[in-house]
Amino acid sequence: METEVLLKKLEGVQTIDSVTNILKTSKDKAIYYLFRLRKEGYVKTKRLSNNRRVYNISFENKLKGTSYFEIINKYSPVKIATPITYKIYGKTPSLEETLVYAIKTGSLRTILASLALFKKITDWSELYQLSKKNRIERQVGALYDLAKKIMRVRRMTDRFKNNALPKKNHNFEYIISGLMSGDFKDIEETWKIYLPFNKNDLSDYT
Amino acid sequence: MITIDEQQKLFLNIARVLNKTITAYAVGGTAMMFLGIKDSTLDIDLVFENEKDKDIFKEAIKSLGYREINAIKVYGARKNQPEMLVLNDERFDLFVVNVIDFVFSGNMQKRAESIHQFGENFILKIADPHDIILMKCATDRLKDKDDARKIINLGKIKWELLVEEAKKQIELGKEKTAFELGYFLEELKNKMKVKIPQEILDELFGIVKKQAEEKQKK
């Protein structure tokens with residue numbers, strides 16, 4: 001069977017059983033086809049807790065590179081399917097860059113998943129520079145305070161906080177247009193930022 | 001010919017010599033490689049949003065040894081030709097917004113959702129398959145029809161989107177678009193036996209007919 005045909009049939013997440021079923025073939029032959037696809041760079045393998053192997057088969061795997069979504073999924077209990085392709089080659093994006101990217105997507109689930117990054121973020125100076133460049137310093141501050149309520153996070157530096165807190169002339173802004181919280185009014189008031197989450201939305205973190 | 005791995009290494013090298021972040025749109029064989037439709041390409045077709053970005057990119061690839069050649073050899077006397085640079089058998093075709101008789105429109109830019117970033121400074125956005133067909137129609141070089149056939153044969157084409165984009169191109173001043181696209185698709189249908197709905201061809205030539213009637217009135 002040609003690689004292109006195999007790839008078309010098997011694209012997605014598979015186990016050895018599903019490969020056997022899809023190709024209507026024996027287990028030995030299925031292992032051989034997976035071996036061929038892996039050799040050409042199309043397969044990423046993960047082991048589940050019961051030691052079973054799960055194969056992520058995709059053309060994108062051949063391109064290598066990393067994506068912001070892979071980084072978020074690595075650290076977050078909230079897993080996200082990749083809504084768009086954004087692959088990065090030749091460098092590994094920092095967690096600070098990843099957080100800023102996540103906020104800028106304006107996607108509720110991506111932002112929710114990215115809250116877990118506050119556990120690992122240490123370079124507050126880089127985060128401030130990136131946030132300032134993208135004009136989301138207050139959004140980062142508000143999301144940090146929210147993350148602090150539901151998990152143990154690294155301490156935000158006073159310098160970040162002092163620089164990012166709203167001035168008198170600042171108006172309220174949304175993280176996601178039109179969405180505001182009913183449960184975290186105190187954070188919203190502090191940062192003059194409407195948070196798009198209520199307590200129930202954060203259940204994956206508790 | 002350049003393969004996927006070679007192309008990635010090349011883009012990384014280019015990113016290293018760029019001194020500013022440059023965004024380009026891949027519209028030809030390169031785009032097809034990123035979408036998994038092709039293994040290698042002869043020419044790397046890129047569209048830039050402005051002259052300045054194109055010039056910076058051109059200087060970067062020149063510093064890697066690429067030299068300019070005359071586009072007339074490939075494109076004849078057609079309008080909006082690219083700047084062409086070659087090294088061995090690899091070639092860059094660099095366009096700025098206009099691609100021969102087509103414009104890489106705002107809608108096309110929005111549809112280019114797949115993004116690949118090389119190093120810090122080179123961001124490559126991959127054109128949507130529908131727009132690759134339109135760009136293949138615009139350049140219409142030796143292997144462009146074969147590439148368009150490959151994309152159409154994947155069976156994911158929304159034909160109405162092509163017609164809508166043709167109308168948009170006409171609004172943007174590219175009057176020949178409906179004719180060029182209709183002719184291109186008709187040739188694919190007749191010479192290469194590609195399945196193209198007759199009603200789409202009728203719709204495109206209907207637009208051409210209307211354009212002709214309006215011109216006659218004037």
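Me: Happy to start with a helix: what covers the buried residues of α7(B)?

Reply: Good place to begin, bearing in mind that this is a predicted model. The cover over the buried residues of α7(B) includes α2 (29-34), α6 (129-139) and α9 (177-192) of chain B.

Me: Which residues of α7(B) are called buried, and what makes them so?

Reply: In α7 (residues 144-153) of chain B they are Asp144(B), Asp147(B), Ala148(B), Ile151(B) and Ile152(B). The label requires 20 or more other C-beta atoms within 10 Å of a residue's own, so each of these five meets that cut-off.

Me: Why are they said to line one face of the helix?

Reply: Looking down the axis of α7(B), the buried residues fall within an arc of 135°, so they share one face. After the helix comes Gly155(B), with a positive phi near 80°.

Me: How do you know that β5 of chain A and β10(B) pair?

Reply: Pairing takes at least two bridges, and four join β5 (residues 86-89) of chain A to β10(B), so the two strands qualify. They run parallel, and Tyr86(A) has Ile115(B) as its bridge partner in β10(B).

Me: How many residues does each chain bring to the contact?

Reply: Chain B brings 13 residues and chain A ten. On the side of chain B that touches chain A, α1 (4-17) and β10 (114-118) of chain B are the elements giving two or more residues. β10(B) gives the most, with five residues. By kind, that side of chain B has five nonpolar, six polar and two charged residues.

How values were computed: Residues are numbered from 1 along each chain as its sequence is written. Chains are lettered from A and ligands numbered from 1 in the order in which they are written. This is a predicted model: local features need pLDDT of at least 70, side-chain atom pairs count only at pLDDT 80 or more; totals for chains, interfaces and linings use all residues. Two residues are in contact if their C-beta atoms, placed from the backbone, lie within 7 Å. Ala, Val, Leu, Ile, Met, Phe, Trp, Tyr, Cys and Pro count as nonpolar, Asp, Glu, Lys and Arg as charged, and the others, Gly among them, as polar. A residue is buried if 20 or more other C-beta atoms lie within 10 Å of its own, exposed if 12 or fewer, and partly exposed in between; C-beta atoms are placed from the backbone. The arc is that of the directions from the helix axis to the C-beta atoms.
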